[in-house]
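Here is a walk through one protein model, taken region by region. Please keep the sequence and the coordinates open while reading.

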Amino acid sequence: MTANLSRSDASSFRSAFRTESSEIEDSILLRVLVQLLVTLGIASVSIAASGVTQTSLWILLAIPLSALGAYFSWHRRRQRNIAIKFFIAIGMLMALAGLISRLLNEPGDTRILLAVLLIQLQVLHSFDLPRRKDLGYSTIIGLILLGVAATISQTLAFGPLLLLFLGVALPVLVLDYRSRLGLLSQSWDQVGLQLAPRRLGAVLLMTLALGLVIFLCLPRLPGYQIRNFPVSSTVDYQGNFNGQNIINPGYVTQGAEGGSQTGEGSTGAIQQTGKLTGPGVVDTTSYYGFNQQMNQNLRGTMTPQVVMRVRSQAPGFWRVLAFDRYTGQGWDMSRNETVITLKRSSFSYQMFLPWQGQKGGGREVIQTYTLVEDFPNLIPTLHQARELYFPTQEVAIDPEGGLRAPVSLEKGMTYTVVSQVPYRDRTQLREAGTDYPDPIRRYYLDVPEGIRERVRQQTEELLATAPNPLEDPYEISLYLAQTLKQRYTIEPELPFFNQNEDLVESFLFDYQGGYPDHFSTVMTIMLRSIGIPTRLVVGFGQGEFNPFTGFYIVRNTDAYALPEVYFPEYGWFGFDPIPGHEVLPPSLRQSETFSLVRQFWNWIAGWLPSPVTAVLDGLIQLFTRLLTQLFVVIARLFGQDWAAIILGFAGATALAFLGWLGWQGWQSGWRRWRLSRLPAMERLYQQMLDRLAHQGFTKRASETPLEFGQRLYQQAQAQPAQIVNEISHAYVRWRYGNEDPNLSHLQRQLRSLKFGSKKRRVIQG
């Protein structure tokens, strides 16, 4: 009895061992391609995170380590490897402990931390890959790493890796499927036949096209669904922070500059007195308006360079600072000493900012900013910022709503802002009235006494040219901005102002124009001269939108100034008098759920010739007009008597029936055309599936041809099921084994294929 049990146990053990051995994957080609997928996933995380988050180059060390593990696993694929599994488990626990430690020390954006953990797990996992499903786990890890890279990527540098991943993933899927069927050849001579490069290339192109269409059509929802926003690691700083100082290396105090210096301006050699006052030359990289003082007696241009990338649910003017006191040749902040400092909790990056709700409503817009170059300690945001997720413990806010950090914003820093952006409703703003509070009158109506009367007269003369009387501040501001664009020009060779020369007066009466920002200063003072509170705000235009990454690319040359006008109970709204700009800066007018499609079309239209763009725009307008007229006709028809309504219903039913017949005929013709272009064996197999579907036996999408035949054996009549099984086996041998089928015999079998109605009713029931 004991001997019998021992023999039985030994037989069971051998059977179990044989089952495990049968699952071992011997294909070197499949293993190499899976390892390549993992390598692409690791590399994509490293490249996408470069310059965006603080990552270590040690991530790339995982590539050779993972390859070493895969080589080791190949040679020991038939061993039990108990000791290896034990050390892998210990290593995974250590990796988890490291993740928990980093999460406690570096709260905030956890995507990179989780990606590093996954990379560590993959390196450990690569030392034990005996079975096909273990390789499948590695494939999924590579796919997850690619997804993480996609969420943090801000440039197109990630694109080539995505294409390579798709190009490798398709052969992996094909080889995995062939391995499941037991048809995976180990001969390298059969690689080309197994992978069918032309067909794989066609599938890759179709996948890319479909993915691009889906990406463009994804709705941009009006709010984020999570509150774990991207933020850089905490930045520590030394000393006390009162928020009054602005750190802009390009424009320092006069004493720090070392007094006067000699430079070359647009009018020749001159004696400069500094960059904050008097004649001077602009810094080639920093915008002169990002400082406590704004000296508009500077000449020159900046060298274009990318400053930051912004992901936002809506475009806008990325606001930085605002000025309230005009100095004659620039601007200053009269209340810089009343800056308020705010401190956040040590356990969260979230910081609530002072904010008062405005009449008229608005919408929450979330923006994430990533600095590409070093930037002053000023925090760009959309107006009005309500929540700030920033990597320092403290920030400051000035009376004009500008945000300041204790340190300069370094390259690679990321932060997030939640703004309650007000809607710009022209009708409501026209009815806002002129009942201004005392603080608004005190700070935003000041005009130098020496130019007040002359500027007021010029303003009234320009407004008198309007075709209709202008009675409310909104229409006055709108018309004045448009008039400045049309009557005055940009003067790139503008000479320096003398010490006692006023910018606004020289612009209006001497030079008939000036630098772009001079237009905004002139409009601000002109509106103040007629009693409309206005201030000058500086920031960045929305920049260039990249439809493939979803980011706005903002350059230093996108910085400019514009006037903001105050409307009682509604707040501040900007107008843009600079020639070449839209008269209204980027504003929130309505929810743009599918704005990505429109932005992508605008981007495409910019590359197309004007005649082509005009034709396409005409076709779109024609289609829209025809659709509108159709709805009008239907509405008029249903507005008549009962006979007309019944006739309308009958006509609509007839049209729907004719449309259905046309659709069915088109589908049938398309099916026949497609079958005619298939190889003979493929066409025969598809015809068999069509006939079976017509008789009530439909092949499931998840079933292989052989699994479908086996199911029919169990559920249907034996003889027809045998025919189906014979054709299915012939199809598999032809498709994956390159065997020539006996087509004439199989066609005769197909013609005789028919299931009895009684048995079919049983199966359907």
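Which residues in α14 meet which residues in α15? On the α14 side they are Leu-503, Val-504, Phe-507 and Leu-508. On the α15 side they are His-518, Phe-519, Thr-521, Val-522, Ile-525 and Met-526. By class, this contact of α14 with α15 has eight nonpolar residues, two polar ones and no charged ones. The model is a predicted one, and the positions discussed here are to be read as such.

Helix α14 covers residues 503-511 and helix α15 covers residues 516-529. Their axes are 9 Å apart and the helices pack at an angle of about 100°. Angles of 65 to 115 degrees count as roughly perpendicular, so α14 is roughly perpendicular to α15.

Next comes helix α4, residues 82-105. Its 24 residues reach 35 Å from the first C-alpha to the last, close to the 34 Å expected at 1.5 Å a residue. Within α4, the residues Ile-88, Gly-91, Ala-95 and Leu-99 are buried. The cover over the buried residues of α4 includes α5, residues 111-125.

Helix α13 spans residues 473-487, and Glu-475 is found in this helix. Is Glu-475 buried or exposed? Its relative accessible area is 11%. Buried means under 20%, so Glu-475 is buried. Which residues is Glu-475 in contact with, leaving aside its neighbours within four places in sequence? They are Arg-426, Arg-430 and Leu-470. With Arg-426 there is a polar contact between the two side chains, at 2.8 Å. Leu-429 gives a further reference point: Glu-475 and Leu-429 are 46 residues apart in sequence, while their C-alpha atoms are 9.3 Å apart in space.

The last stop is in a loop. Asn-297 lies between β4 (293-295) and β5 (298-299). Although Asn-297 is a loop residue, its relative accessibility is 0%, so Asn-297 counts as buried. What does Asn-297 touch, not counting residues up to four places away in sequence? The residues touched are Gly-278, Pro-279, Gly-280, Gln-329, Phe-496 and Phe-497. Of these, Gln-329 also takes part in a polar contact, made between its side chain and the side chain of Asn-297 at 3.4 Å.

Two of the residues visited can be set side by side. Glu-475 is buried and its side chain makes a polar contact with the side chain of Arg-426. Asn-297 is buried and its side chain makes a polar contact with the side chain of Gln-329.

Methods. Residues are numbered from 1 along each chain as its sequence is written. This is a predicted model: local features need pLDDT of at least 70, side-chain atom pairs count only at pLDDT 80 or more; totals for chains, interfaces and linings use all residues. Side-chain values use heavy atoms; hydrogens and water are left out. Axes are lines fitted to C-alpha atoms, for helices over the stretch in contact, and angles run from 0 to 180 degrees between N-to-C directions. Helices (H or I, at least four residues) and strands (E, at least two) are DSSP runs, numbered from the N terminus. Angles under 35 degrees count as roughly parallel, over 145 as roughly antiparallel, 65 to 115 as roughly perpendicular and the rest as oblique. Contact means heavy atoms within 4.5 Å. Ala, Val, Leu, Ile, Met, Phe, Trp, Tyr, Cys and Pro count as nonpolar, Asp, Glu, Lys and Arg as charged, and the others, Gly among them, as polar. Buried means under 20% relative accessible area, exposed over 50%, partly exposed in between (1.4 Å probe, protein chains only). A polar contact is a pair of N or O atoms within 3.5 Å; within protein, one must be able to donate a hydrogen and the other to accept it, and residues adjacent in sequence count only if both atoms are side-chain atoms. The expected span of a helix is 1.5 Å times one less than its number of residues.
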